[in-house]
Amino acid sequence: MKYKKRDINGRTVSEHRFLMEQHLGRSLHPDEQVHHINGNKLDNRIENLVVVAARDHGLYHHPPTLPVEKNCVVCGRLFRPHKTKRRRQQTCDWKCRNVLIAQRKRRLGEDQLADIFLRRKSGEPLSSLAREFGVSKTYVSWLYRHGPSRNKRMSDRLLAKA
Ligand SMILES: [Zn+2]
Ligand SMILES: [Zn+2]
């Protein structure tokens with residue numbers, strides 16, 4: 001669908017951009033675009049127009065939808081994540097979840113686990129630890145909550161050593 005055009009002093013401009021500039025009393029910045037709230041590109045009433053950042057404009061037209069079904073990262077089975085966990089849930093059930101956690105733990109040595117734990121404890125941000133050790137922030141916070149080893153005695157030993 002085409003936008004309405006207007007002739008301003010011999011220049012052809014998009015009417016919705018022109019009207020927004022009039023409304024704001026300034027020119028639009030290069031990274032500002034004007035979106036039609038109701039989706040009708042011919043409806044240039046000012047209440048139907050909103051300035052959006054160019055990089056976000058696509059989101060107004062194609063809002064990301066969270067998947068209703070996913071493939072379990074462990075067993076590959078198609079599953080339906082809990083409706084509040086559509087973004088985060090990676091595994092189909094608790095068995096696969098435990099396998100995933102064990103896989104992540106195995107990738108890191110016990111000294112590294114203790115290291116992450118202690119540095120998190122001393123206030124290092126989740127994001128930098130996650131980046132350095134190549135794991136997710138979720139994993140770092142999980143590790144911190146649960147201790148560096150499932151085995152309490154092992155945990156104490158690791159922490160004493162570190
Ligand atoms: Zn738009
Ligand atoms: Zn599974």
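Strand β1 (residues 5-8) and strand β2 (residues 11-14) run antiparallel and are joined by 4 bridges, where strands count as paired if DSSP finds at least two bridges between them. The model is a predicted one, in which local features need pLDDT of at least 70 and side-chain atom pairs count only at pLDDT 80 or more, while totals for chains, interfaces and linings use all residues. Residues are numbered from 1 along each chain as its sequence is written, and chains are lettered from A and ligands numbered from 1 in the order in which they are written.

**The β1-β2 hairpin**
- The two strands β1 and β2 form a hairpin with 2 residues between them, and asparagine 9 in the turn has a positive phi of about 50°.
- Arginine 6 has valine 13 in β2 as its bridge partner, and aspartate 7 stands opposite threonine 12 in β2.

**Fold and overall shape**
- The chain contains 7 helices and 6 strands, taken as DSSP runs numbered from the N terminus (helices are H or I, at least four residues; strands are E, at least two).
- Along the sequence these elements follow the pattern β-β-α-β-β-α-β-β-α-α-α-α-α.
- The chain has a radius of gyration of 26 Å, well over the 15 Å that the globule rule gives for 162 residues, so it is more spread out than a compact globule; the radius is taken over C-alpha atoms, and the rule is 2.2 Å times the number of residues to the power 0.38.
- Taken along the principal axes, the C-alpha atoms fill a box of roughly 80 × 35 × 20 Å.

**Burial**
- Of the 162 residues, 10% count as buried, a residue being buried if 20 or more other C-beta atoms, placed from the backbone, lie within 10 Å of its own.

Key: A residue is buried if 20 or more other C-beta atoms lie within 10 Å of its own, exposed if 12 or fewer, and partly exposed in between; C-beta atoms are placed from the backbone.
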